[in-house]
Amino acid sequence: MATDIILKNANVITMNAARPRAELIAISDDSIFFVGGNDEVARLTGKSTKIIDCAGKTIIPGFNDAHLHLFSLIRKLTSLDLSPDKVRSIADIKEVIRKAATSKPPGAWISGTDYNEFYLEGKRCPTRWDLDEVAANHPVVLSHRSLHACVLNSKALELAGINKETPEPPGARIERDLDTDEPNGVLINMLGFIRSHVMPPFSDEELEEGVALADEYFLSHGITSFQEATVSNDLARWETVCDLKLDADLLSRVTMMAGMGYWQDFKERGLGTRSGDNLMQLGAVKVMLEVEPEQAELNKLALDIHQAGFQLAFHAIDERTVTGVITALEYVNQHSPVAGRRHRIEHCGECPPPLLERIKKLGLVIVTQPAFIYYSGERYLAMVAESQLPWLYRIKAPLEKGIVVAASSDAPVIPADPLMGIYAAVTRQAESGQTLQPEERVTAEQALALYTANAAYSTFEEKTKGSIAHGKLADVVVLSDDPTRIPPEKIKDIKVEMTMIGGEVVWEA
Ligand SMILES: [Zn+2]
């Protein structure tokens, strides 16, 4: 009966309805062997058993961030931070860029992330001319917090071949000076193109440094699994991430989606949804349409991918897009049943009651971002039509209908901090203090499930992940406090103290 590791004197939240709480976890190899009371210690201890006394601390299943963007996160972790915490004005931004320019050779790219004009004095975006003043000889690219916009200086625009004569690219926009027609540096929906086609790829050293930062970032937030949801994921990207896993540069378990343009390549290689193992597997096909598609076109695309055997994950935020996605899956369902296929709606930002009903009928999974309420709540209240406000990023209503809702950060859009997401799901409180849709508040247990059991369901891994029970992978996190037993406003102050993946302690505070 001897086991490798025993975690005792713990307040274990198992997320397993058959035994919701326990005091002790015994681990054998990479899996959980036994969950029970402290009185079992002697029976489970052998000569080589390592015993960890948790001194009453709370243990939960490792967090699973159901939708994020690894390489954008790496870009962010290795870029200048221009978030509202760090800069309050365009003058501040210029100062940060000026400093960077003095430390880099001319011609080297300067990359900044997370500017948000909503929080800048004067509430305007910086322009190429602002950036030229402080970095005339370095190409500069600043990405907006939403990643939908970016600003380039003149040097970067030149390298991108964007000038007065450049026509509007499909699905994207080049903002121009109204008098001269000259691009002002602000580009909409072109960041992906700039990063992949204009900026040089990460050098080996940059990638190594960035992956190490990302790995530490995930583990320090208790993220033992994450799902890579980038629409440009191709076979080369798959191989890169497989290598990172094989070399143990990235310890969190990965489910990587295939981009909509590449699913046939994956299929030809013999790879489908769930190919791989518990360290690295292929997930859904990510579908994201920048241009408003014809419904018939979307129907056909969805049916093709569905019939090829893949799970689908549609990016859909506003009501019109969510409706289009549901309509497409209803069309698919008329040809080939979608029940059990767990097709996903990523974001599902606006979801009025009739749509919820149709989602339930199709058995779709909603992958939401609770902490958007925290980080963007003030902006939503200012910008979203009043008629849509009750339907924003709903969690309780779909859960009560029996729809599976998993949660994520969409990092680097917001920090990959599940405890912040749990806090937001429980309080619906914006950073600015306002409350959004208090009727959508969920309990801390329900919020934990979004990042554990439900996230595991979203990748067909509920048999191996998402709860603490015999036979499950030994991915667990020790927290400084019990989110279900402290006042909700304190949840965001809970610290991750230890992270364990496959029975190995991979991070400690
Ligand atoms: Zn995303």
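User: Where is Pro-412 in this chain?
Analyst: In this predicted model, Pro-412 sits in the loop between strand E21 (405-407) and helix H15 (418-427).

User: What kind of peptide bond joins Ala-411 and Pro-412, cis or trans?
Analyst: Cis. Omega is about 10 degrees. Most peptide bonds are trans.

User: Why is Asn-189 called partly exposed?
Analyst: Asn-189 has 17 other C-beta atoms within 10 Å. Buried needs 20 or more, and exposed needs 12 or fewer. The value of 17 falls in between, so Asn-189 is partly exposed.

User: What is the phi of Asn-189, and where is the residue found?
Analyst: Phi is near 60 degrees, a positive value, and Asn-189 is not a glycine. Most residues other than glycine have a negative phi. Asn-189 lies in the loop between strand E14 (183-188) and helix H6 (191-198).

User: What is the phi of Arg-342?
Analyst: About 55 degrees, again positive in a residue that is not a glycine. Arg-342 belongs to the loop between helix H11 (319-335) and strand E19 (344-347).

User: How do you know whether Arg-342 is buried or partly exposed?
Analyst: Count its C-beta neighbours inside 10 Å: there are 19.

User: What makes Glu-117 partly exposed?
Analyst: Glu-117 has 17 C-beta neighbours inside 10 Å. That lies between the limits of 12 and 20, so partly exposed is the label.

User: Which residues does Glu-117 touch, leaving out those up to four places away in sequence?
Analyst: Lys-123, Arg-124 and Cys-125. Glu-117 itself is in the loop between strand E10 (110-115) and helix H4 (128-134).

How values were computed
Residues are numbered from 1 along each chain as its sequence is written. This is a predicted model: local features need pLDDT of at least 70, side-chain atom pairs count only at pLDDT 80 or more; totals for chains, interfaces and linings use all residues. Helices (H or I, at least four residues) and strands (E, at least two) are DSSP runs, numbered from the N terminus. Two residues are in contact if their C-beta atoms, placed from the backbone, lie within 7 Å.
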